[in-house]
Amino acid sequence: MEIALSVNGREIVRDVEPQELLLDFLRDSLALTGAKRSCDVQVCGACTVLLDGLPVSSCCFLAADAAGSEVTTIEGLAERPEFERLEEIFTRHAALQCGFCTPGMLLTVKALLEDGELESKEEIKRSLAGNLCRCTGYRGILEAVAELAAVE
Amino acid sequence: MTTTVRETATRTQIGRSQPRRDAREKLRGEAEFVGDLLVPRMLHGKVLRSPIAHGRIVSIDTSAAEKIPGVVCILTGADLRDLDPYYGHAIKDRPIIAIDKVRFHGEQVAAVAAETPAAAAAAVEAIVAEYEELPVVATVTDAVADGAPLVNEGDARPGLFHGLGELPPRDGNVCYRYRIDRGELEAVFARAEIVVEGVYSFPAVYQYAMETHTVIAQVEVEEITVWATCQHPFLVRAEIADLFHVPVASVRIVVPYLGGGFGSKSYTKMEPLTVALARKAGRPVRIQNRVAESMVTTRRHNMHCRMRTAATADGRLLARDVECLFDTGAYADNGPRVVATAGDAAPGPYRWAAYRVDASCVYTNLAPAGSYRAFGAAHLQWIGESQVDEVARRAGADPLEVRRQNLLTPGEEVRPGGKPLDADLVGDVEKVAAAVGWGEEKPPLVGRGVSVGLLAAGAHPVSSAVCRLEADGRVIVLVGTTELGQGPRTAFAQIAAEEIGVEPDHVTVRGADTRFTPYDRSTGASRSTTIAGLAVQRAAADVRAQLEAIAGTTEIESSELLGLMRKHFGFAGGELIGRGEVAPLGTGSYAEGPVFWEVCVGAAEIEVDPETGFVHLRRTATAADVGRAINPQLVERQDEGATLQGIGNALFEEMVYEDGLLLNDTLLDYRVPSFEDLPDEMTCVIVENADGPGPYGAKGCGEGALAAVPAAIVNALADAGVPMSELPLTPERVWRRIQELKKEGKWVQ
């Protein structure tokens with residue numbers, strides 16, 4: 001079936017299989033490999049992309065259901081001017097190690113910051129519980145997000 | 001040109017938290033992992049895995065599967081008749097794919113190569129395999145019982161890197177045994193006033209590197225190329241060369257960024273099967289595990305242990321006796337080394353009059369177990385340290401004081417014939433105790449614990465590196481260390497910059513590629529900064545020496561660098577090549593080792609809810625006793641990551657089996673720590689006594705906390721009134737224990 005959607009600000013029309021996952025569509029058809037496959041069950045958050053500004057697990061989301069929507073992947077976020085601040089602060093706090101969870105983490109953080117609801121560190125922890133990181137022990141990420149959200 | 005050249009005597013790059021060199025590409029999603037690579041003409045591989053734990057393969061019918069459009073070939077054991085298809089770096093016991101028998105739930109029975117992942121998956125569904133079930137050896141205690149069925153028959157054959165001395169004849173399902181016997185054990189126990197004794201069990205857990213095992217293999221006339229999620233490319237190269245009868249120079253292993261490892265990608269995993277499938281297909285093939293498949297590719301050994309500790313009435317430790325059975329699953333993998341390391345960790349770093357360790361590596365019909373961060377120490381430290389705390393309780397002494405009195409001091413023997421202690425353990429434990437408020441008044445239901453241990457680290461000390469100073473003043477470091485998040489590219493850039501006298505961001509360190517990067521034994525055992533880092537330091541110092549020879553002086557101004565290069569080569573090209581090598585001082589054998597003792601020291605403060613059994617972590621602290629921190633921020637991240645894994649291991653992680661079948665093979669049923677599991681306070685104390693064998697007195701870190709933190713939590717929970725002898729400390733288990741204690745009248749709060 002044919003779908004039309006916007007990916008990172010570009011209008012795209014493509015044939016997809018009805019059962020094709022958004023993650024596979026992005027990685028295999030569009031060569032956007034920043035979204036990662038890991039748990040396949042919407043637990044780890046490594047495949048997170050933004051759909052109309054909201055984070056979704058692309059491993060459990062049909063490509064066909066993204067028709068008519070705006071999809072943002074890490075490649076798109078990295079082109080935006082506000083990315084520089086994310087990059088600088090995540091780098092300064094060493095809020096990444098292997099980097100496999102990092103794109104999904106950043107997209108979730110981006111959506112949360114836009115929402116403006118990160119008012120405490122407890123709130124940050126709760127809101128990011130759907131993005132796992134196995135390397136950092138989370139503290140560096142917590143500090144980076146707290147600085148981004150101007151939370152003490 | 002901003003290159004500056006500095007005196008090597010004044011260290012300016014070491015001990016600085018330089019930003020990670022890979023941050024930009026990782027944050028932007030540009031960092032390439034094996035699953036992101038495309039190789040021309042690449043096929044997709046899928047694996048049919050055994051649905052039973054033990055059985056004879058009666059038949060495999062691939063006829064329907066072969067007719068599915070897009071299927072190129074299907075590999076089974078019958079395709080390997082021209083090979084000696086068994087591998088295993090310790091014991092050659094594992095077939096590339098099941099031959100005649102399956103020995104665990106999830107073993108590879110057939111593999112399909114197809115044009116698309118969907119066609120491969122459909123073909124796997126269409127293969128009909130019939131099995132005749134055999135009795136399942138489901139636990140280590142079953143495995144060592146009289147008359148237990150054998151998981152593997154025939155004599156054990158040593159692998160290429162077994163390092164275990166002479167292999168004794170096979171003894172039932174025990175594939176390796178490590179024993180230490182020191183002093184008159186029974187006599188000392190007979191005169192001891194305090195004897196603590198217990199039986200303990202330790203669960204299998206999954207390392208969960210978020211990037212699952214992924215391999216692309218291409219077999220050509222002149223070369224076998226493997227892009228692999230592997231931590232030890234040079235050891236994998238040797239095993240592939242051995243299996244497929246080609247010289248090592250004809251095998252190329254390429255390792256891009258790794259999405260975590262923690263030991264799960266150590267040694268050979270999915271590489272032989274992928275190469276065999278690509279060989280049959282005549283085209284490159286990629287196999288990418290799903291999580292459920294990685295869970296049966298490797299895991300941590302579960303263990304059954306009996307331990308007793310003897311002490312005087314005032315808490316002087318006298319003797320320890322340890323017997324443990326390690327469940328290595330159907331194939332040895334790294335089991336023998338895990339067991340030897342556990343044996344070394346078992347006594348704990350104390351001054352004993354006598355001790356005995358008897359550790360066995362046992363085959364069962366579970367999936368193979370291998371390396372996981374801090375193996376051996378993680379298995380034994382929580383047990384030994386809980387007995388030290390029990391000694392303290394019975395002696396009416398402060399657990400910290402008991403450790404001060406009994407811990408080994410630098411230079412004392414840790415293990416007969418091995419490296420003496422090279423760390424200040426008393427200083428380390430005092431620091432972490434202070435960080436969790438040791439001695440402060442405790443509210444009810446709050447407990448504090450410390451733990452101390454040692455981990456034999458460094459593996460076999462062989463590494464080499466090359467530094468190339470280019471005509472524009474930039475430096476390329478070639479080294480075989482793999483980047484799995486721990487940050488060697490950043491640390492090595494700092495070391496090379498320091499030695500040559502350039503800025504770290506003018507140094508490029510890329511991934512391992514055995515065709516170009518010189519030999520490095522492995523990335524694991526906390527060895528990279530210490531051993532590969534020393535090779536990098538020597539290679540960079542070699543470049544510096546060449547520069548000084550050209551200049552005729554050790555005083556080189558930054559502005560002179562390019563002029564010196566030009567003078568030497570007579571034009572704006574050429575490069576100075578420096579070589580660095582690390583080889584063992586003695587034989588490098590395990591018995592003479594280790595390269596250094598990694599310190600496993602931690603403390604915890606917990607609060608237990610007696611109504612639910614839930615354990616809340618108020619404070620944790622770990623000591624990163626690293627000799628010299630090349631990059632303090634990276635050191636902290638390593639310890640913090642290990643702390644969170646330790647919290648998961650202590651409180652909730654467990655692979656659940658029933659008759660050899662793994663029941664919780666998804667992240668929905670197997671929970672790992674999330675942001676919400678962060679302790680209220682987490683401290684990493686960096687200790688720098690310059691007592692390591694690495695560059696500038698550095699020694700490795702990042703594993704010790706995974707042994708120390710669960711042990712400290714167990715001790716803190718016992719301090720709050722709930723002694724436990726089984727991990728993980730799930731709310732249910734803790735609640736049930738509290739009910740038992742109430743019945744026995746021992747619940748005091």
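Helices (DSSP runs of H or I, at least four residues) and strands (runs of E, at least two) are numbered from the N terminus. The structure described here is a predicted model, in which local features need pLDDT of at least 70 and side-chain atom pairs count only at pLDDT 80 or more, while totals for chains, interfaces and linings use all residues. Residues are numbered from 1 along each chain as its sequence is written, and chains are lettered from A and ligands numbered from 1 in the order in which they are written.

In chain B, the loop between α16 (632–651) and β26 (657–658) contains B:V656. A residue is termed buried if 20 or more other C-beta atoms lie within 10 Å of its own, exposed if 12 or fewer, and partly exposed in between, with C-beta atoms placed from the backbone. B:V656 has 13 other C-beta atoms within 10 Å and is therefore partly exposed. Contact between two residues requires that their C-beta atoms, placed from the backbone, lie within 7 Å. Leaving aside residues up to four places away in sequence, B:V656 touches B:L663 and B:N664. Between B:V656 and B:E166 there are 490 residues of sequence separation and a C-alpha to C-alpha distance of 35 Å.

Chain A contains 6 helices and 5 strands, arranged along the sequence as β-β-α-β-β-β-α-α-α-α-α. Its C-alpha atoms fill a box of roughly 50 × 30 × 25 Å along the principal axes. The radius of gyration, taken over C-alpha atoms, is compared with a globule rule of 2.2 Å times the number of residues to the power 0.38. For 152 residues a compact globule would have a radius near 15 Å, and the 15 Å of chain A agrees with this. Buried residues make up 53% of the 152 residues of chain A. Of the contacts in chain A between residues at least 6 apart in sequence, 64% join residues at least 24 apart.

Domain bounds come from an automatic or database domain assignment. For chain A the assignment gives domain 1 (2–73) and domain 2 (83–148). The centres of domain 1 of chain A and domain 2 of chain A, taken over C-alpha atoms, are separated by 21 Å. Their contact involves 13 residues from domain 1 of chain A and 12 residues from domain 2 of chain A. On the domain 1 side, β3 (48–51) and β4 (54–57) of chain A are the elements that give two or more residues, and β3(A) provides the largest share, 3 residues. Residue classes are assigned with Ala, Val, Leu, Ile, Met, Phe, Trp, Tyr, Cys and Pro as nonpolar, Asp, Glu, Lys and Arg as charged, and the others, Gly among them, as polar. The side of domain 1 of chain A that touches domain 2 of chain A has 8 nonpolar, 4 polar and 1 charged residues.

Between the chains, 40 residues of chain A are in contact with 44 residues of chain B. On the chain A side, at least two residues each are supplied by α2 (74–77), α3 (83–92), α4 (102–115), α5 (121–127) and α6 (139–148). The largest share, 4 residues, comes from α3(A). By class, this side of chain A has 21 nonpolar, 10 polar and 9 charged residues.

Chain B is assigned domain 1 (23–31 + 462–582), domain 2 (37–136 + 209–295) and domain 3 (402–457 + 594–743). The C-alpha centres of domain 2 of chain B and domain 3 of chain B are 37 Å apart, and the contact takes 7 residues from domain 2 of chain B and 7 residues from domain 3 of chain B. The domain 2 side has 5 nonpolar, 2 polar and no charged residues.

Strand β19 (residues 463–470) of chain B is largely enclosed by the rest of the structure, because 6 of its 8 residues are buried. Strands pair if DSSP finds at least two bridges between them. β19(B) runs antiparallel to strand β23 (residues 575–582) of chain B, to which 8 bridges join it; B:R468 has B:I577 as its bridge partner in β23(B). With strand β20 (residues 475–479) of chain B, β19(B) pairs in the antiparallel sense over 5 bridges, and B:L469 stands opposite B:V475. The hairpin of β19(B) and β20(B) has 4 residues between the strands, and B:G473 takes a positive phi near 85° there.
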